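Dear colleague,

I am handing over the structure below, followed by some notes on what was found in it. Please read them alongside the coordinates.

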Amino acid sequence: MNIKITADSTCDLSEALLRQWNISLIPMHILMGEESYLDGVTIHPADVFAHAQNGGKMPKSAAPNLVEYTDFLAPFAKDYDAVIHINVGSKFSSCFQNARLAAQEFGNVYVVDSENICTGQGYLVLQAAKWAADGLPPKNISMRLQGLAKRVELSFVLNQLDYMAKSGRCSGVLAFGANILGIKPSLAVIDGELKVVRKYRGSLPICVGKYITDQLANREDIDRSMVFISSTQAKPGCMEAIKAGLRQYGNFENVYETDIGTTIGGYSGPGTIGIVFARKQ
């Protein structure tokens, strides 16, 4: 079957991967000041950072509405035997709800809740494209993705909490204290929600080295087929620390490097870096 894979722009896959696997994205809306922008199309993380550094309020994101999803899916539903759309996690946004309602207009569109964000979602998107290329039927792919969503692990280390504070996701006092003490929090998606799981102290490259050890050392349950390194304006030494950890503990068959997009990067701030992989079945 000729299957089309689509996703929300929050999946943060690189342009090279999108082209290689013929994946199409519907952009999230980014509301900044009085203006509305399209994620990855008319606005990028650097624009958000510049806006915030100049005293502007942090932007807000909004899901595409029902009409937008319907218009986006319609040509693919017509031109392909089936369409599989993978949404950002339903606990983070109304994207899944809107896309599922839009899919009811078609008989060949499958909508999957990734239960994740950023390349945690992207992991499912790329795997779906690979399964489609292998000739698996769409219903089978959809069911496999629902199981895989429970096994994907996304986590990252923040360089600072300033952007989280500006967006209202933590207090300014907490952010100030963390910066003074040199605390670099590690966040992870757990049960479809973003939570702080560890707090590291020291320079960011040292914290990243500790983080990658905590994520991968003595793990026998990891699917080694692929891993993502996701970052936003990575600081000197951090990418090297991640890659050294992957060499020491990983042995992954495929390593993909991606930039964290506007929707998540605008909240996490510059210097954010992390990895995404999946556990074995």
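Two strands are said to pair if DSSP finds at least two bridges between them, strands being DSSP runs of E of at least two residues and helices runs of H or I of at least four, both numbered from the N terminus. This is a predicted model, in which local features need pLDDT of at least 70 and side-chain atom pairs count only at pLDDT 80 or more, while totals for chains, interfaces and linings use all residues. Residues are numbered from 1 along each chain as its sequence is written, and side-chain values use heavy atoms, with hydrogens and water left out.

Strand β8 (residues 152–157) is largely enclosed by the rest of the structure, because six of its six residues are buried (under 20% relative accessible area, with a 1.4 Å probe and protein chains only). β8 runs antiparallel to strand β13 (residues 273–279), to which six bridges join it, and Leu154 has Val276 as its bridge partner there. With strand β9 (residues 183–190), β8 pairs in the antiparallel sense over three bridges, and Ser155 is partnered by Ala188.

The whole structure holds five aromatic pairs (rings of Phe, Tyr or the six-membered ring of Trp with centres within 6.5 Å; planes under 30 degrees apart count as stacked, over 60 as edge-to-face and the rest as tilted). One of them joins Phe72 and Phe76, whose ring centres are 5.4 Å apart and whose planes meet at 75 degrees, so the pair is edge-to-face. Both residues are buried, and ring pairs link Phe72, Phe76 and Tyr80 into a cluster.

Best regards

Technical notes. Buried < 20%, exposed > 50% of the residue type's maximum accessible area, 1.4 Å probe, protein only.
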